[in-house]
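Let me put the structure up, and then I'll walk you through it.

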Amino acid sequence: MQKRQVFSGAEWEARVGYCRAVAVGPHVYVGGTAPVAAGGGTHAKGDAYAQAIRCFEIIEAALRELGGSLADVVRTRMYVTDIERWPEIGRAHKEKVGAHAPAATMVEVRRLIAPDMIVEVEVDAYVEGAG
């Protein structure tokens with residue numbers, strides 16, 4: 001099976017040595033996706049809902065490059081710095097992938113790569129013809 005990679009251009013990819021998404025056959029793995037603003041920095045500081053939406057926008061772009069969409073997501077993992085913000089993050093999750101109800105996990109972590117980031121999302125997807 002062919003392995004395909006998608007890079008988002010985030011500064012951390014080159015520094016750490018990873019890519020945004022990897023497809024092996026129809027299995028697509030999208031790494032932890034932080035709410036990075038289009039020009040760099042953190043998107044929507046202080047807004048958990050908007051940050052979660054931004055994570056899914058970045059994920060969606062990676063899936064598109066591999067011939068997929070958010071409808072192909074089968075599992076999500078959400079890392080949050082304040083579990084009390086779960087309703088906002090959960091609302092974004094439902095809006096973006098809830099119609100296809102993937103298996104999901106949300107856990108609180110001490111902090112993310114930038115101190116003003118509230119949420120980071122990773123997904124697994126099954127995309128026919130991705131590999």
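When I say two residues are in contact, I mean heavy atoms within 4.5 Å. Two bits of housekeeping before we use that. This is a predicted model, so to speak about local features we need pLDDT of at least 70, side-chain atom pairs count only at pLDDT 80 or more, and totals for chains, interfaces and linings use all residues. Residues are numbered from 1 along each chain as its sequence is written, and side-chain values use heavy atoms, with hydrogens and water left out.

Let's begin with Thr76, in strand S4. Helices (H or I, at least four residues) and strands (E, at least two) are DSSP runs, numbered from the N terminus. Is Thr76 buried or exposed? Thr76 has a relative accessible area of 0%, so buried. The cut-offs are under 20% for buried, over 50% for exposed, and partly exposed in between, with a 1.4 Å probe and protein chains only. Leaving out neighbours within four places in sequence, Thr76 is in contact with Phe56, His93, Val97, Pro102, Ala103, Ala104, Thr105, Glu122 and Val123. Gly41, on the other hand, sits 35 residues away from Thr76 along the chain, and their C-alpha atoms are separated by 24 Å.

Next, Asp124, which is in strand S6. Asp124 counts as buried because its relative accessibility is 17%. What does its side chain make a polar contact with? The side chain of Arg77, at 3.0 Å. A polar contact here is a pair of N or O atoms within 3.5 Å; within protein, one must be able to donate a hydrogen and the other to accept it, and residues adjacent in sequence count only if both atoms are side-chain atoms. Asp124 also touches Val28, Tyr29 and Asp72, among others, not counting residues up to four places away in sequence.

Now the greasy part. A nonpolar core is a set of buried Ala, Val, Leu, Ile, Met, Phe, Trp, Tyr and Cys residues joined through side-chain atoms within 4.5 Å. The largest one here has 27 residues, and Val28, Ile59, Leu63, Ile89 and Val121 have the most contacts inside it. Among the elements giving two or more residues to this core are strand S3 (27–33), helix H2 (48–65) and helix H3 (86–97). H2 gives the most, with eight residues. A second, separate core has seven residues, including Ala10, Trp12, Ala34 and Ala114.

Last stop, two loop residues. Ala44 lies in the loop between S3 and H2, and its phi is near 50°, a positive value in a residue other than glycine. Ala101 is in the loop between H3 and strand S5 (103–108), also not a glycine, with a positive phi of about 30°. Why flag that? Because most residues other than glycine have a negative phi. Ala101 has a relative accessible area of 58%, so Ala101 is exposed.

That's my tour, thanks everyone.
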